[in-house]
Every structure is written in C-alpha cells, then in structure tokens.
Amino acid sequence: MHAPVLALQETSTRESGSKVHHANIQASKAVSDIIRTTLGPRSMLKMLLDAGGGIVVTNDGNAILRELDLAHPAAKSMIELSRTQDEEVGDGTTSVIILAGEMLHVAEAFINKKYHPTVICRAYNKALEDSIAALDKIAVSIDVDDHATMLGLVKSCIGTKFMGRFGDLIADLALDATKMVGVDLGHGLREVDIKKYIKVEKVPGGQLEDSKVLRGVMFNKDVVAPGKMRRKILNPCILLLDCPVEYKKGENQTNAELVKEEDWGVMLKMEEEYIENLCMQILKFKPDVVITEKGLSDLACHYLSKAGVSAIRRLRKTDNNRIAKACGAVIVNRPEELQESDVGTGAGLFEVKKIGDEFFAFIVECKDPKACTVLLRGANKDLLNEVERNLQDAMSVARNIIKNPKLVPGGGATELTVSATLKQKSSSIEGIEKWPYEAAAVAFEAIPRTLAQNCGVNVIRTMTALQGKHANGENAWIGIDGNTGEITDMKERKIWDAYNVKAQTFKTAIEAASMLLRIDDIVSGIKKKQAPGAGQGPSKPQVEEEGDADNEQMIPE
C-alpha cells in the first residue's frame, strides 16, 4: 500500500540532490572561468577594486580570488582551495582551480545519467593514486647546490607571472633569500621558514634593478636621540631587550602619602637610581647598540648616549626575532639576567640611512645570518605589491625544491603524460567506475588546453598534435611553450615545475571535486531580516502543512 509513496519520496530526494549538484558544478565552473585567462606567461591581468577602495592589478590566482565576494557556498569553497594551495606550496593557485572546475564539469554528464556520486568519487580517488604514481615515474632529481639549474627552475616557475620579464632579478632575490635562511635539521632535511625569517621591505622610488637581498635586517626606525647617538658603527655589539628601560609603574593605581617636603625629592631620587642601576647593568657588557621592544625613558637615553651607545625603542617583536637570528644575539627579558653570550657580535655594520622621507636602520654584513630582508624598490605602490606577490611565489618554489629536490616538466607536459597513462589504465578497470575514471583522465587536459588558448594558437590542432605525441609515449617532456605556443621539448626550453607543487595541485583539486560532488543539499542557517514594524503583536504559532514543506525554497536567492 505504502510502497508507491516511498518510491515517490526517494525519487524527489534524488531530484533535489541532482539540482544541488548542478548548482554546485555551475558555481565552481564560474569561479574557474574567472581566472582561466590568467594561466601561463601570455596570460591576461585582472584589475580589482579591493575592500579599501584601492586598486589591485595582478594575474595571481589567489590574489584575485581573495578579493571576490561570492554568495554561493560552493564558490566560496573553491576560493578556499586557492588559499590552501598558496599556504601549502605557494604556487599553482590558478591551476588548482582550473583542474577542480574541469573535474566537476566532466562529472556533470554522469550526474545527468543518474550515476551515484560515490561511484564517481571512487573513480576519482583511483585516478588520483595513479596520477601521483605517474608523477613519480617522470620526476627528475636535481642538485640543490647547482645555482644555474635552481635559477632556471625558479625562473620558469615565475615566467607565468607579471614580473616574468624581470625573471633573472626576482629569481636571484628569491634564491639568495631562501638559501640564506635555510637551517639543516640533520638526516638530509632542511627547514626554510619564509614567513618568519624573510622580511620584504617595499620602499617606493628608485628602479626595480636597485632591489637586493641584505645579509642582515633593516627596519623603519631611527635612533632615539639622533644628535647624540652614532648612526654608523662598524662591527657593533648588539643587545636585544624585551623589557622597558624606564621606571616601573605599579600594576594597580598607587597612592603615596608624603609627610615631609624632602620625601618628594627622595622619591624622585629612587626613580633615578632605579633607571641608573638598569643602565649600568646594560653598560657592563659594553654594547654599541641597545634595541628594546618596549619604552626607553629620557633619563635612560641620557645615560646610554653618555656611554656612546645607540638605542632604538619600540621595535616589533617579529623584527627583534629576525635581528637575533641575523647577528647571533639572544633576546633578554630582564637586564639582571644578562650574560656575555647574549650579546650579538655577528653583524658587520650598523647604519641608519634616510631613504625618501623616512629613516631606516640597517644591521647588515652579518657573518652567518639565518634571517634576511629583501629590499624592493620600484616606481609606485601597485607595482611593488605585485613584485612582492611574485617574489613570495618564487621563494616558495625555491623552498619546495630545497625541501624536495625533484622536478617535473612544465608547459602542460606533466598533465598530458598523466592523462595518457590514465587512459591506458582505464581499459583494465572493470565495472561502472571505468567511465568516470576515463573522464578524469580527459579533465587533466584542461591545463594544456587553457595554456594553448591563452597563447592565441589553434587549440584543436595543438591539442591533437600533443595527444598524438603522448599517446605512443615517445617523450613525456613534450609540451607547449607558453610564450610562442610551439610544441617543444620542455627540457630544451628549461620549462620546469616543482614536484611538490604538481602533486599538491592534483591532490587538492581532486579531493575538493569529490567533496563538492558528495553534497546533496544546501540548507541556509541565515535568518531572514524582518521588515520594520513587522512582528509587533504576539505572533501566532505557525503549523506547517505537508504541501508547504515541498514548495519552500531552502536556498536564498
């Protein structure tokens, strides 16, 4: 009796699920179409108005998507992908979105044919495992100490960026900076912390060619008493403090009752003696430069300048950490605990220079710095911001190679090889999963196809020629030169990609596509705003009829 009703309910659930699938796929495709034109060296730029009303001109996938404000949850999820990729490996932010969009696009046909999403996801996961295995096969190990090879690799990775024309400059800066801050962990492992120990300082003015990596640190501060303190010291002894060099104020509000007039003088004398005592403890170690993160009183400034010590106050904690790494000093919390070993003697020069309208302090020519500053010069702020974004990508690539020194071919050659391998393997897969697996193989071709589109060559001819060369497996390194659109050997043109970046791109894209395919309902938890004046009187409890439940729209338009 009840069986037909049950069947009806099941069908309606499946239909509503497929509607959500289609909505998710459309939203994801829309996001991937936005940044499709920014892939490759001949890509277009996007001009964006950010939240503060400023202008951003870039072709970095993550920078573009970060500025977008999209309402659809699936589109927001796609934007997160790009951010994850940027934080994890720092490159491939555009590729990951294009690949995820294409994976969902090819899955749409199977959703229409009433394939269950779990079947498609199973096939995709199998394709991911096989694609990583294919990557391992074509990967080539390189020597990290070979400067020319490393330079070529970083150049090819940032050749797709806006700063590609200054490739040598940016690649040199990135390589020098990452090699400087690399720390050996033993067992052949190296740790390179870009965020903590490499500071990018952007100073408008001058030319791009004036940019350089400093063997040390620079920061936007001047000495406390410019007339009395030295602004240039050779081989300085540097002392770093994390405490105020001034009279300690009480934690709570303190009232002192003075009976005699002389007591006031006694109190002031106590304060002075306290500060003098502090300064004597510091001066005992004969430093040339004292830097503190907190305040420094006028009296302390007087004692220090009298002893010929230059002082800098209220420095950022992150900058202080970098100075410690650069000159070998230890940050001290209490002057009483100072030791001879806490004084940093690794720096060759302390100097305060005026650049433009501002003073910058330089602690440079360090012996073995484990922190550095990249000084960028350029015409205006927009240009410098774009250079910084590209430099961050270049440093990430250099870090990835130092961590895992393996290369794969660029120019879409890797994707075509993986696609050809998966197509061959699909014939050995039994059952219904064979078709989604084959579709995943075709989806990998989206990267070389987009490259060809952005070069302005005949896409169909180029793709057919490339597929032909990869189908018989003659050379895995055949791909597209993004500048000219020619089909060439990537080894000869030195167009390479880091193995880490490619593997992460494949994993992130396929796993995200599988997650979005598994979503069969979107329920909004946002309360609708009431019109003013509504809801004044006592509201009647509403009873929902069976007919209303189906007609109600769950997703806000």
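User: Why does lysine 199 count as buried?

Analyst: Lysine 199 has 17% relative accessibility. Buried means under 20% relative accessible area, exposed means over 50%, and partly exposed lies in between (1.4 Å probe, protein chains only). The value of 17% falls under 20%, so lysine 199 is buried. The model is a predicted one, where local features need pLDDT of at least 70 and side-chain atom pairs count only at pLDDT 80 or more, while totals for chains, interfaces and linings use all residues. Residues are numbered from 1 along each chain as its sequence is written, and side-chain values use heavy atoms, with hydrogens and water left out.

User: What makes the meeting of lysine 199 and aspartate 319 a salt bridge?

Analyst: A salt bridge is a side-chain nitrogen of Lys or Arg within 4 Å of a carboxyl oxygen of Asp or Glu. For lysine 199 and aspartate 319, the N to O distance is 3.7 Å, so the pair meets the cut-off. The pair links distant parts of the chain: lysine 199 sits in strand 6 (residues 198-204) and aspartate 319 in helix 11, 120 residues apart. Helices (H or I, at least four residues) and strands (E, at least two) are DSSP runs, numbered from the N terminus. Aspartate 319 has a relative accessible area of 4%, so this residue is buried as well.

User: Which residues of helix 11 are buried?

Analyst: Helix 11 covers residues 317-327, and its buried residues are Asp319, Asn320, Arg322, Ile323, Ala324, Ala326 and Cys327. Just after helix 11 comes glycine 328, with a positive phi of about 80°.

User: How many salt bridges does the structure hold?

Analyst: The structure holds 28 salt bridges. One of them joins glutamate 386 and arginine 389, at 2.9 Å from N to O.

User: Why are glutamate 386 and arginine 389 separated by about one helical turn?

Analyst: They are three residues apart in helix 12 (residues 381-403), which means a separation of about one turn. An α-helix has 3.6 residues a turn, so residues three or four places apart point the same way. Glutamate 386 has a relative accessible area of 1% and is buried, and arginine 389, at 16%, counts as buried too.

User: What distance separates the closest N and O atoms of lysine 502 and glutamate 415?

Analyst: The closest N and O atoms are 3.2 Å apart, and the two residues form a salt bridge. This pair links distant parts of the chain: lysine 502 is in helix 18 (residues 499-517) and glutamate 415 is in helix 13 (residues 413-426), 87 residues apart. Both residues are buried.

User: Why does aspartate 145 count as exposed?

Analyst: Aspartate 145 has 66% relative accessibility, and that value is over 50%, so the residue is exposed. Aspartate 145 lies in the loop between strand 3 (140-141) and helix 6 (147-158). Aspartate 145 and lysine 179 are 34 residues apart in sequence and 9.6 Å apart in space, C-alpha to C-alpha.

User: Why does glutamate 340 count as exposed?

Analyst: Its relative accessibility is 57%, again over 50%, so glutamate 340 is exposed. Glutamate 340 is in the loop between strand 13 (331-332) and strand 14 (349-355). From glutamate 340 to lysine 286 there are 54 residues in sequence and 9.8 Å in space, C-alpha to C-alpha.

User: Why is methionine 267 called partly exposed?

Analyst: Methionine 267 has a relative accessible area of 30%, which falls between 20% and 50%, so the residue is partly exposed. Methionine 267 belongs to helix 9 (residues 262-283).

User: At what angle do helix 3 and helix 4 pack?

Analyst: Helix 3 (residues 73-88) and helix 4 pack at about 140°, with their axes 8 Å apart. Axes are lines fitted to C-alpha atoms, for helices over the stretch in contact, and angles run from 0 to 180 degrees between N-to-C directions. Met78, Leu81, Ser82, Gln85 and Asp86 in helix 3 meet Thr93, Val96, Ile97, Ala100 and Gly101 in helix 4. Contact means heavy atoms within 4.5 Å.

User: Which residues make the contact of helix 4 and helix 14?

Analyst: Helix 4 (residues 93-112) and helix 14 (residues 434-443) pack at about 145°, with their axes 9 Å apart. Helix 4 supplies Leu99, Glu102, Met103, Val106 and Phe110, and helix 14 supplies Trp435, Pro436, Ala439, Ala440 and Ala443.

User: How many helices and strands are in the protein?

Analyst: There are 19 helices and 20 strands. Of the 557 residues, 49% count as buried.
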